[in-house]
Amino acid sequence: MSVNALYDYKFEPRDKVENFHGMQLLYLYWPHHLMYCSPFAFLVQPDMTFGAFIEEVLKPAVAAHPEANKASFLDAQWQLNGEPFTPDASASLKDSGIDHKSMLTVTTPELNGIAGSAS
Amino acid sequence: MSQLVFIAFQDNDNARYLAEAIMEDNPEAELQHQPAMIRIQAEKRLVINRETMEEKLGRDWDVQEMLIDVISIGGNVDEDDDHFILQWK
Amino acid sequence: MAVKNKKLNLKDKYQYLTRDMSWEPTYQKKEDIYPEERFEGIKITDWAQWEDPFRLTMDAYWKYQAEKEKKLYAIFDAFAQNNGHQNISDARYVNALKLFLSGVSPLEHAAFQGYAKVGRQFSGAGARVACQMQAIDELRHSQTQQHAMSHYNKHFNGLHDAAHMHDRVWFLSVPKSFFDDARSAGPFEFLTAISFSFEYVLTNLLFVPFMSGAAYNGDMATVTFGFSAQSDEARHMTLGLEVIKFILEQHEDNVPIVQKWIDKWFWRGFRLLSLVGMMMDYMLPNRVMSWAEAWEVYYEQNGGALFKDLERYGIRPPKYQDIANDAKNHVSHQAWATFYQYGHATNFHTWMPEKEELDWLSEKYPDTFDKYYRPRFEHWAKEHAEGRRFYNNTLPQLCQVCQIPTIFTEKDDPTMLSHRQIEHEGERYHFCSDGCCDIFKDEPEKYVQAWLPVHQIYQGNCEGGDVETVVQKYYHINIGEDNFEYIGSPDHKRWLSIKGKSTDEKAENANKDAA
């Protein structure tokens with residue numbers, strides 16, 4: 001479907017990757033840890049390694065969670081845009097197939113949030 | 001399924017006469033007091049009659065005067081010089 | 001002997017002063033005068049069928065509105081002269097007003113603009129007059145709300161720049177984009193969106209139980225502007241219902257178009273009301289009813305009666321209504337948790353409910369609160385007590401349509417977010433729900449342009465890359481005054497001094513450490 005308008009209604013998407021000055025957006029969702037109300041939105045460099053992303057971006061973001069220290073993220077179950085994904089710590093985000101506005105989901109089945117409440 | 005119409009008024013002096021008139025003309029209606037408001041609901045139909053209001057107030061009363069004190073309504077409105085009716089048909 | 005002028009009855013007066021004031025154009029074509037009346041596909045065969053059940057004419061309108069204003073301003077004066085702000089239940093309550101002034105009052109102004117615009121676009125005189133009155137009403141609401149809250153602005157923080165904030169602050173893009181979406185639609189969609197879906201189906205939830213709550217918390221100024229505004233709403237709601245019935249009766253081809261708009265605008269309104277749910281359950285220290293109870297009365301019961309009435313036109317209840325009904329037990333907690341963790345970027349304070357308040361929530365939400373939310377809140381309260389007030393220092397993912405962070409959970413599994421994502425013309429888009437995703441898919445060109453605050457910050461369009469600069473410089477939120485935790489805030493201290501109590505030093509220190 002498309003917009004019913006009085007004129008030819010066409011606009012550029014506002015969040016194209018070229019508007020981010022060489023960076024890209026990356027979302028990350030850690031299920032059963034709803035203390036973080038929604039997936040995170042990170043601004044990352046496409047050539048950052050996956051390992052650096054875990055250490056320098058993800059870990060500081062979740063540090064306040066009581067289960068953060070117990071999570072072994074690299075060994076956890078990953079999805080990229082809804083498909084199974086095997087992380088390679090030394091590969092860059094770009095070479096891992098993580099493009100602009102991709103969403104990563106990392107599941108740590110043994111961790112179920114504060115008092116098991118999925119928080 | 002029950003199909004309720006309702007009307008809510010500010011809890012003020014005018015509205016107390018309105019509530020009295022409504023309860024007299026709609027004996028099946030239910031009146032609820034909530035902070036600063038009076039809410040009246042009834043199955044399918046509620047009517048405000050000008051005649052009853054004029055009796056309560058002891059003066060002429062224009063049906064549109066209710067606009068000053070009403071907070072909200074639910075139901076189809078039918079208004080003329082003598083009545084204000086809320087209903088689901 | 002002269003015959004005494006007989007008073008016209010209501011029906012004749014309406015006929016003379018509304019319909020008969022209009023005329024048929026002779027030297028211009030109707031479609032040139034009303035160029036927006038047809039492009040949405042709505043077919044109107046006879047505007048004379050338009051009924052205004054209130055039959056309100058302009059002369060009566062001015063008379064009654066003047067009377068409402070006199071009553072309203074008498075109360076504002078009395079409130080200010082008696083330092084009414086000192087008599088509210090608790091200063092935490094004022095934070096609901098900060099959200100109201102920056103989130104709701106600008107919508108009143110947007111509604112004024114919207115009705116002034118569409119009122120011009122209908123060739124039927126009855127519809128034009130009704131829109132004109134509503135435009136004036138909405139302007140009045142915007143003004144009276146600002147007048148009422150200007151008194152609070154003298155005594156509390158966060159109320160100083162509401163219009164500016166409405167245009168810029170991350171969570172205020174939720175109400176702003178809602179109205180921008182409606183105002184950029186055609187005139188019939190605008191009326192279906194605002195007059196019907198918003199005014200008739202949903203605004204009772206904002207103005208009735210919340211305002212009754214304001215009264216219960218000692219805020220006579222707010223309850224009075226709220227109810228005074230709502231006395232106009234009764235007329236607007238009637239217009240909303242008449243609009244829908246009129247369009248549906250005009251042509252059967254209108255039915256699927258209207259149904260689609262009802263589906264869209266019910267969902268958009270429901271999402272917007274998450275903010276109100278949170279105001280009711282968390283920001284009214286004295287509580288009248290829970291958000292779930294309000295939803296049951298004003299949506300399930302009253303909305304149910306309404307949609308049963310519309311069945312005869314071939315209209316069914318809105319799509320995803322079942323999800324909305326189920327969410328009544330979740331949304332207020334999810335929204336409050338969100339504002340609590342992003343309380344460093346808000347123009348109001350947040351806090352964790354006290355023990356009795358948590359117990360009230362447990363009682364009102366027996367199936368959800370203890371299981372999903374109370375452990376989180378007790379953890380945060382404990383952290384705060386130990387000097388680690390929790391703030392989320394990473395920006396959230398936002399829904400492309402409603403612009404709320406994607407915080408909502410699945411109906412069948414409240415431990416999982418109901419995140420959705422699609423690709424459209426090579427770009428990825430993310431949503432909070434099927435409801436918002438469907439809206440995008442129906443009009444993608446409209447939503448690809450969304451000005452999403454998080455992405456705008458990352459693009460460098462908000463005067464800085466770090467949250468502190470954005471909050472202070474771009475949002476005009478005064479750091480350390482307007483934002484952060486309530487306990488120990490300048491507002492809290494001021495309130496304690498009004499009440500003749502000393503500041504709780506322990507709480508204050510805890511706050512300092514966290515900030």
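Biologist: At what angle do the axes of helix 5 and helix 9 of chain C cross?

Modeller: In general, two packed helices are described by the angle between their axes and the distance between the axes. In this predicted model, where local features need pLDDT of at least 70, side-chain atom pairs count only at pLDDT 80 or more, and totals for chains, interfaces and linings use all residues, residues are numbered from 1 along each chain as its sequence is written, and chains are lettered from A and ligands numbered from 1 in the order in which they are written. Helix 5 (residues 105-119) and helix 9 (residues 187-202) of chain C have axes that cross at roughly 140° and come within 10 Å. Helices (H or I, at least four residues) and strands (E, at least two) are DSSP runs, numbered from the N terminus. Axes are lines fitted to C-alpha atoms, for helices over the stretch in contact, and angles run from 0 to 180 degrees between N-to-C directions.

Biologist: What does that angle make helix 5 of chain C relative to helix 9 of chain C?

Modeller: Oblique. Angles under 35 degrees count as roughly parallel, over 145 as roughly antiparallel, 65 to 115 as roughly perpendicular and the rest as oblique. The crossing of these two helices of chain C is left-handed, a term for the near helix being turned anticlockwise from the far one by less than a right angle, with right-handed used if clockwise.

Biologist: Which residues meet there?

Modeller: Ala111(C), Gly114(C) and Val118(C) of helix 5 meet Pro187(C), Phe190(C), Leu191(C) and Ile194(C) of helix 9. Contact requires C-beta atoms, placed from the backbone, to lie within 7 Å. By class, six residues are nonpolar, one is polar and none is charged. Ala, Val, Leu, Ile, Met, Phe, Trp, Tyr, Cys and Pro count as nonpolar, Asp, Glu, Lys and Arg as charged, and the others, Gly among them, as polar.

Biologist: How do the axes of helix 11 and helix 12 of chain C cross?

Modeller: Helix 11 (residues 209-216) and helix 12 (residues 220-250) of chain C cross at roughly 155°, their axes coming within 8 Å. Helix 11 of chain C is therefore roughly antiparallel to helix 12 of chain C. Met211(C), Ala214(C) and Ala215(C) are the helix 11 side of the contact, and Thr222(C), Val223(C), Gly226(C), Phe227(C) and Gln230(C) the helix 12 side.

Biologist: Now the interfaces. How many residues of chain B are in contact with chain C?

Modeller: 26 residues of chain B are in contact with 32 residues of chain C. Strand 5 of chain B supplies the largest share of the chain B side, five residues. Chain A and chain B have no contact, and their closest C-alpha atoms lie 31 Å apart.

Definitions and conventions
Two residues are in contact if their C-beta atoms, placed from the backbone, lie within 7 Å.
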